[in-house]
Amino acid sequence: MDLPAYIECRADVASYNGFVLRVAGEPDFAAGLGWKAVAGENPFLQQYRLPAPIEAFGHSTDLIAFTSTGPMAVLEGVVAPELAGRLGIVPVVSTPEKFLGEKVIHEASEDSGGVTYVTRISLNVSTVEDLPGKVLAGCSYALDVK
């Protein structure tokens with residue numbers, strides 16, 4: 001399991017989905033990796049403290065968060081607009097209080113028997129109110145059926 005690869009968008013949707021199904025569906029999986037759940041105010045983020053720091057986007061962290069679509073490194077001492085600029089991410093919102101930016105890494109459609117499968121992988125940098133002074137940077141993996 002290469003957690004930085006999932007966070008930095010270096011994995012495909014199928015690989016990420018297999019990994020996240022284990023995290024979400026097997027109660028002892030995260031604990032078996034030494035991850036400790038961290039209580040937070042935001043119901044849309046599931047946070048974990050790692051047993052040892054990982055390197056993501058050139059920064060070290062031992063705190064990660066899962067959104068509904070992907071894993072994020074929780075970084076301290078990082079300025080969101082600077083990190084986004086280094087990663088080629090254009091901000092959607094950039095104020096002193098809030099930052100949100102996204103860069104599409106991969107997008108593809110596949111037709112199969114009248115059903116269209118759309119995969120999308122995007123790199124994200126953001127800030128959230130309930131993690132003051134921290135920057136979330138990671139990947140969003142989506143598979144839509146149309």
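Analyst: R22 counts as partly exposed because its relative accessible area is 39%; buried means under 20%, exposed over 50%, and partly exposed in between, with a 1.4 Å probe and protein chains only. The model is a predicted one, in which local features need pLDDT of at least 70 and side-chain atom pairs count only at pLDDT 80 or more, while totals for chains, interfaces and linings use all residues. Residues are numbered from 1 along each chain as its sequence is written, and side-chain values use heavy atoms, with hydrogens and water left out.

The partner of R22 is E26, and the two form a salt bridge with their closest N and O atoms 3.1 Å apart. The term stands for a side-chain nitrogen of Lys or Arg within 4 Å of a carboxyl oxygen of Asp or Glu. E26 is likewise partly exposed, since its relative accessible area is 34%.

By this rule there are five salt bridges. One of them joins E8 and R10, with 2.9 Å between the closest N and O atoms. Another brings together the side chains of R120 and E102, at 3.2 Å from N to O. R120 lies in strand β7 and E102 in strand β6, so this pair ties together parts that are 18 residues apart in sequence. Helices (H or I, at least four residues) and strands (E, at least two) are DSSP runs, numbered from the N terminus. R120 is partly exposed because its relative accessibility is 28%, and E102 is partly exposed at 33%. A network of salt bridges links E102, E107 and R120.

Strand β7 covers residues 115–126 and contains T119. T119 is buried, as its relative accessible area is 19%. Setting aside residues up to four places away in sequence, T119 touches V13, H106, E107, A108, A142 and L143, where contact means heavy atoms within 4.5 Å.

Apart from neighbours within four places in sequence, its contacts are M72, F99, L100, V135 and L136. Of these, L100 belongs to strand β6, residues 99–112. L100 is partly exposed, given a relative accessibility of 36%. Together with V92 and V93, L100 makes a nonpolar surface patch of about 240 Å². Patches are made of residues with over 30% relative accessible area and no salt bridge; like charges are joined within 9 Å and nonpolar side chains (Val, Leu, Ile, Met, Phe, Trp, Tyr) within 5 Å. Accessible areas come from the Shrake-Rupley method with a 1.4 Å probe, and for residues only the protein chains shown count as cover.

The aromatic side chains come next. A search of the whole structure gives 10 aromatic pairs. Rings of Phe, Tyr and Trp (its six-membered ring) pair if their centres lie within 6.5 Å; planes under 30 degrees apart count as stacked, over 60 as edge-to-face and the rest as tilted. The pair of F19 and F29 is edge-to-face, because the ring centres are 6.4 Å apart and the planes stand at 70 degrees. F19 in helix α2 and F29 in helix α3 (residues 29–32) are 10 residues apart, and the pair links distant parts of the chain. Both residues are buried. The pair of W35 and Y48 is tilted, because the centres are 5.3 Å apart and the planes at 55 degrees. W35 lies in the loop between α3 and β1 (36–38) and Y48 in strand β2, so the pair connects parts 13 residues apart in sequence. W35 and Y48 are each buried.

C9 lies in the loop between α1 and α2 and C139 in strand β8 (residues 134–145), so the pair ties together parts that are 130 residues apart in sequence. The torsion about the S-S bond is about 115 degrees, so the disulfide is right-handed. Both cysteines are buried. The phi of C9 is near 65 degrees, a positive value in a residue other than glycine.

Notes: Disulfide = S-S within 2.5 Å.
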